[in-house]
Structure formats: C-alpha cells, structure tokens
Amino acid sequence: MSPVFPMLTVLTMFYYICLRRRARTATRGEMMNSHRTIESNSRTSPLNAEVVQYAKEVVDFSSHYGSENSMSYTMWNLAGVPNVFPSSGDFTQTAVFRTYGTWWDQCPSASLPFKRTPPNFQSQDYVELTFEQQVYPTAVHVLETYHPGAVIRILACSANPYSPNPPTEVRWEILWSERPTKLNASQARQFKPCIKQINFPTNLIRLEVNSSLLDYYTELDAVVLHGVKDKPVLSLKTSLIDMNDIEDDAYEEKDGCGMDSLNKKFSSAVLREGPNNGYFDKLPYELIQLILNHLTLPDLCRLAQTCKLLSQHCCDPLQYIHLNLQPYWAKLDDTSLEFLQSRCTLVQWLNLSWTGNRGFISVAGFSRFLKVCGSELVRLELSCSHFLNETCLEVISEMCPNLQALNLSSCDKLPPQAFNHIAKLCSLKRLVLYRTKVEQTALLSILNFCSELQHLSLGSCVMIEDYDVIASMIGAKCKKLRTLDLWRCKNITENGIAELASGCPFLEELDLGWCPTLQSSTGCFTRLARQLPHLQKLFLTANRSVCDTDIEELACNCTRLQQLDILGTRMVSPASLRKLLESCKDLSLLDVSFCSQIDNRAVLELNASFPKVFIKKSFTQ
C-alpha cells in the first residue's frame with residue numbers, strides 16, 4: 001500500500017480535531033456562563049407540602065408488546081397505582097415495549113443507521129404520561145418489575161394537556177439522563193434518579209428507553225411524580241469549571257434537546273470579518289467536506305459562524321444527504337425546517353420521527369419543506385409524527401417520486417383514507433405501517449401497485465378485516481418480499497400462509513407472533529419450513545400448537561435460521577430443540593419462555609452444549 005494513504009488519514013483526523021475545536025471556541029464566550037457547577041437545595045415552606053401522584057393517563061408511546069384491543073403488556077398499564085410491584089417476574093399487567101437486546105438490529109428487516117446521530121441521543125422508545133396536578137418536580141420514581149435498567153432519559157413538559165386553552169409556548173426540559181447501562185439483576189426495583197430542578201410546573205412526563213443491553217423485555221408497572229405546588233426557593237453556589245474538562249456531551253446538553261440555537265445560527269447570513277483561514281485555504285474542497293461529515297448538526301451550525309470559507313462548506317447541500325432530525329424532536333418546528341430548506345435540496349435520507357407533535361410542525365410547514373427537498377428523497381422516517389394528516393401523505397406521494405422506504409410506525413392518528421395515497425409510490429421497497437389505521441381496501445391498492453416491496457410491516461394493524469385476502473395479494477404481487485411482520489394479526493389462517501409460502505419464496509424473516517387462528521394441525525408451519533428455505537428469523541410467539549414435528553421440519557429445511565421464538569408452546573420437547581440447534585449452526589436466539597416441556601434443567605443442558613446460542617426461559621413468581 002502506498003504511504004500516501006496512512007498520511008492522508010492522519011491529516012484528516014488532525015483537521016477534524018481542529019474543526020471540532022474551532023466549532024467549540026466559536027461560541028465559547030456565550031457558553032462560559034452556562035457551564036457552572038450549581039448546587040441546588042430546595043427550601044419548602046410547611047404550607048408548600050409535597051404532592052405525590054401516580055400517572056392519570058398514558059397519552060402517547062412509540063410501541064408496546066401488547067394488543068391494541070387488550071390491556072396485557074400494553075403501555076396503558078402505566079396509568080394508576082401499581083399492579084405488580086414489588087413482585088418480580090413476567091406479568092401481563094405491566095407495560096412492555098416491543099423489542100429488547102440487539103436482536104432486532106441483526107435481523108434482515110433492520111434499517112441502516114443514520115450518520116451524524118449525536119452520541120448523547122440513544123433513545124429507542126418512549127412513553128408520555130399525564131398527572132392530575134401540575135407541580136414543580138422534586139422526584140420521579142419508576143417502578144420496574146422485570147429486567148430493569150432501560151430508562152435512560154426523563155423529561156418534563158410545560159404544556160398542560162388538560163388545559164382548555166392551547167399554550168403559547170411548549171417547552172421540554174430534561175430532568176435526568178444517562179447512557180444505557182447493563183444491570184446484572186432482573187428483579188424488581190424502584191428507580192429513583194436524582195432529577196434536575198426546573199422553573200415551570202408540569203403534569204406531563206416523558207420516559208425514553210434503550211433496551212439494547214437487556215437480556216429480555218423490560219417491564220414497567222407505574223410512575224410516581226413527587227412535586228410541590230409553589231416554586232421552590234433555590235440556594236445556589238456557583239464555581240467555574242475548567243473548560244478543558246468539559247466533554248462534548250456537555251455542549252449538547254446546553255442546547256437542551258439540541259435545537260435551541262440552530263434556527264438563529266442557520267439564519268445568520270452576515271459573518272463578521274475574522275482572521276484568515278490559515279491552512280484550511282490550502283486543503284482541497286472535497287477533503288474539507290469529508291472531514292465535516294464527522295460533525296453533528298449543532299456542530300455544523302457553530303462552525304458555520306467562524307469564517308466565510310467554513311460557512312460555505314457547512315451550508316453545502318452535500319452535507320445534508322443524510323439528515324437525522326429525530327434527536328432534536330423537542331425543539332424542531334416550522335422555523336427550523338424553513339432555515340434548513342435551502343441546504344436540503346439534495347437530501348436522500350430524512351428522519352423526522354417523533355417530531356412535530358403539539359403543534360411544533362404544521363401541515364403547511366411540512367408541505368413547503370417537501371416541495372423543495374422531496375425530489376431526491378429515497379428514505380423517509382416519520383414514526384410517531386402525529387402532525388401528519390391526509391394532506392401530508394398526498395404531498396409525499398406527489399413530491400417524492402423516488403421514495404423507496406417509508407416508515408409510518410405508530411402514526412395512529414392518521415385517518416384510514418390517508419393511506420390510499422401510498423399506492424402512488426410505486427418504487428417503494430420498504431413500508432412500515434405498524435400500529436396504524438390502514439384499512440383493507442387501501443392496503444390492497446398499495447400491494448397491487450407497489451410490487452417492488454421487499455420489507456413490509458403490518459404488525460398490530462387492527463382495521464384489516466381479512467388477513468387471508470391480504471396474504472393472497474402479497475403472494476400474488478410481492479414476489480421480491482424478504483421480510484414480513486404480521487405481529488398480532490387476528491385472523492390469518494392456513495390458507496393465507498399457503499399463499500405466502502408459495503408466492504414469496506425469498507422470505508428471510510416472518511413474524512407470526514400472537515396470531516391465534518394458526519394451528520399446527522393444519523400443516524401450516526410444516527409448509528412454511530418446506531417452502532421457505534431462506535428463513536433467518538421466525539417468530540411463532542404464543543402459538544400453543546407448535547409441536548416437535550414443526551421444529552424438526554425447521555431443522556431439516558431452514559438451516560440458515562438465526563432467531564426463533566416459540567414462547568408459550570406446550571408441545572415441544574428438549575430432544576427436538578437439540579436437533580434444531582445441531583442443524584442450524586447460525587442460530588443465536590431461541591425463546592422458549594413458558595414452554596411447559598422445557599424446564600430450567602433442560603435449558604441449562606442445552607446452554608452447556610450450545611454456548612453461542614442465547615436460550616431464553618422466562619418465569620413468573
């Protein structure tokens with residue numbers, strides 16, 4: 001290898017460090033006052049007694065394990081007093097998110113991550129809860145009953161959901177945050193983080209979680225908000241912190257949730273004359289662009305204010321090919337999109353998940369942005385974006401002719417007729433409709449016109465009347481389909497499975513968890529095993545009819561299998577599982593929780609023989 005390439009790498013990293021320092025020092029003067037150690041001691045008068053209250057209502061969430069028509073394992077269990085705590089174990093009366101661990105990131109349906117995601121944003125799911133009274137928070141307690149440790153961020157909102165008048169300003173403030181950490185214990189605990197004091201009362205609390213380090217689903221039972229009605233008097237002691245000791249994350253926290261100053265920085269059109277650009281003038285344009293690719297969006301905003309040369313680079317549309325705005329959900333609004341508009345004319349990947357709620361983004365603002373920036377879009381993430389309506393989907397279908405991936409997960413406020421517009425996106429390869437109100441007629445139209453689909457998620461779509469009809473259309477039209485999520489579809493039968501198995505021979509992932517109408521005695525699982533040899537992930541969760549014959553068919557025909565969930569079956573023996581493990585060398589996840597024939601001793605023996613496989617056996621006390 002030529003010695004030029006190592007030298008180029010060293011130079012690239014050197015200039016990257018220089019740019020980071022220059023970006024940081026650009027606004028260091030204004031940051032000096034905000035980076036001080038503040039020790040706060042609340043003094044509460046006897047009349048300002050502490051109010052202790054459980055959540056009144058769950059108003060929003062990103063996912064849950066349970067059904068939309070049930071209370072088992074749903075987020076709604078977080079409302080009210082504890083159902084389970086202090087007991088430990090797997091209980092249906094708790095709130096459970098849809099995923100855990102890294103398994104979902106390793107399966108064929110996993111999407112590639114966005115670049116430029118700030119290192120301090122690692123939230124995967126959230127739930128928002130309201131309380132009866134607005135208080136100044138003094139503590140937030142989370143009652144965790146199984147595999148605790150997923151909560152990584154707690155926020156408070158200034159808006160009162162029960163107020164008849166809409167607020168003039170909505171503010172979110174981080175009460176507590178921490179990076180994901182792995183706890184060795186799976187037992188119940190009362191999580192009592194030390195929270196930050198805020199200067200407004202709240203009755204809207206948001207928990208954000210990351211379950212990637214957990215060995216199983218985390219289960220939450222209740223949330224307790226402690227607070228006082230009157231604003232506490234603070235005793236402040238301040239001392240300067242050495243600027244060299246400040247980590248990068250501290251700067252991100254200065255912006256609250258990251259977008260406080262982006263608008264004014266993006267809109268700064270006039271730059272003061274400063275020092276010359278030094279050696280940056282001598283670097284090729286492309287090399288500076290390459291170095292800037294490592295900066296987060298707030299860093300680009302700061303760096304754009306240092307000199308005209310770097311401002312030109314920071315505003316180059318090539319820096320915004322992949323744009324992840326999800327980390328800034330709490331501040332992103334129409335003004336933000338307007339300032340970003342001229343820089344995003346070449347954007348191909350856009351993540352607006354979790355953004356725009358409570359009036360932050362309007363239909364008009366979103367439409368204006370897409371009309372300028374939608375022509376090159378290939379991937380659009382809109383999970384939990386509740387500002388969306390039928391007009392928005394119509395604009396997407398008209399302004400994004402090259403769109404290949406659309407995620408509308410948990411957009412449960414979209415009206416059913418809005419989904420008809422998706423059929424116009426004939427280039428779609430990935431479509432996520434988890435927890436939406438898509439109806440059968442609209443879905444059939446989508447499947448008819450979007451024949452290039454490779455990844456389709458229809459989990460918990462309760463408005464679909466006949467899944468056999470949907471499965472038949474998928475088998476007839478979507479010959480390239482690789483992954484299919486039918487989690488909790490209520491009425492698919494062996495007829496629908498037969499259509500899928502014969503029409504989609506390239507399926508690598510199939511989720512049939514909690515599909516109660518499928519019975520092994522009809523031969524549907526045997527048919528799957530024989531006709532889908534490329535399967536890598538198969539979830540048959542809570543199907544009690546899965547038997548040894550089905551497992552042995554998988555062992556013979558699906559040797560590429562990596563993940564298998566047969567939670568709840570009563571008819572699978574350790575002997576058939578051993579055959580499966582011997583045949584499927586790549587198997588990494590096997591969930592046999594509540595399988596009556598698989599006791600703890602059998603799990604230990606299988607673990608000893610196949611140590612590379614994670615074999616999960618859940619329990620209830």
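This is a guided tour of the structure, stop by stop, with what to select and what is there.

**Start with the whole chain**

The model is predicted. The secondary structure comes to 17 helices and 23 strands. Among contacts between residues at least 6 apart in sequence, 82% join residues at least 24 apart.

**Stop 1: the parallel sheet**

Select β12 through β23. These 12 strands form an open sheet, paired in parallel, in the order β12-β13-β14-β15-β16-β17-β18-β19-β20-β21-β22-β23. Its edges are β12 (322-324) and β23 (614-616), each of which pairs on one side only. From one strand to the next, the twist averages 5 degrees.

Zoom in on one pair. Strand β16, residues 430-432, and strand β17, residues 455-457, run parallel and share three bridges. Pick Arg430 and look across to β17: its bridge partner there is His455.

**Stop 2: Glu381**

Move to strand β14, residues 379-381, and select Glu381. Is Glu381 buried or exposed? Its relative accessibility is 9%, so Glu381 counts as buried. Show side chains. Glu381 and Arg379 are joined by a side-chain polar contact of 2.8 Å.

Now display what surrounds Glu381. Beyond its neighbours within four places in sequence, Glu381 is in contact with Phe114, Leu350, Asn351, Leu352, Ser353 and Asn407.

**Stop 3**

Select residues 151-157. This is strand β6, and seven of its seven residues are buried, so it is largely enclosed by the rest of the structure.

Colour the two partner strands:

- Strand β9 (residues 202-209) runs antiparallel to β6, joined by six bridges. Leu155 stands opposite Arg206 here.
- Strand β7 (residues 172-177) is also antiparallel to β6, with five bridges. Ile154 stands opposite Trp176 here.

**Stop 3**

**Stop 4: His147**

Go to the loop between β5 (125-146) and β6, and select His147. His147 counts as buried, because its relative accessibility is 9%. Which side chain makes a polar contact with the side chain of His147? It is that of Lys616, at 3.4 Å.

Show the residues around His147. Leaving out those up to four places away in sequence, it touches Ser186, Leu214, Asp215, Tyr216, Tyr217, Thr218 and Lys616.

**Stop 5: helix α15**

Select residues 548-557. In this helix, α15, the residues Asp550, Ile551, Glu553, Leu554 and Ala555 are buried. The elements covering them include α14 (524-531), β20 (537-539), β21 (563-565) and α16 (574-583).

Begin with Asp550. It is buried yet has no salt bridge. The nearest side chain of opposite charge, Arg530, is 9.0 Å away. Instead, look toward Cys547: the Asp550 side chain reaches its backbone nitrogen at 3.0 Å. Not counting residues up to four places away in sequence, Asp550 touches Ser520, Phe525, Thr526 and Ser545.

Where does Arg530 form a salt bridge? Its partner is Glu553, with the closest N and O atoms 2.8 Å apart. That pair links helix α14, holding Arg530, to helix α15, holding Glu553, across 23 residues of chain. Arg530 counts as exposed because its relative accessibility is 54%. Glu553, at 15%, counts as buried.

**Stop 6: from α15 to α16**

Finish with Lys579 and Glu552. Their side chains meet in a salt bridge at 3.5 Å, N to O. Lys579 lies in helix α16 and Glu552 in helix α15, 27 residues apart, so this pair also links distant parts of the chain. Lys579 is partly exposed, with a relative accessible area of 44%. Glu552 is partly exposed too, at 30%.

Technical notes. Residues are numbered from 1 along each chain as its sequence is written. This is a predicted model: local features need pLDDT of at least 70, side-chain atom pairs count only at pLDDT 80 or more; totals for chains, interfaces and linings use all residues. Side-chain values use heavy atoms; hydrogens and water are left out. Two strands pair if DSSP finds at least two bridges between them. Helices (H or I, at least four residues) and strands (E, at least two) are DSSP runs, numbered from the N terminus. Axes are lines fitted to C-alpha atoms, for helices over the stretch in contact, and angles run from 0 to 180 degrees between N-to-C directions. Buried means under 20% relative accessible area, exposed over 50%, partly exposed in between (1.4 Å probe, protein chains only). Contact means heavy atoms within 4.5 Å. A polar contact is a pair of N or O atoms within 3.5 Å; within protein, one must be able to donate a hydrogen and the other to accept it, and residues adjacent in sequence count only if both atoms are side-chain atoms. Lys and Arg count as positive and Asp and Glu as negative; His and the chain ends are not counted. A salt bridge is a side-chain nitrogen of Lys or Arg within 4 Å of a carboxyl oxygen of Asp or Glu.
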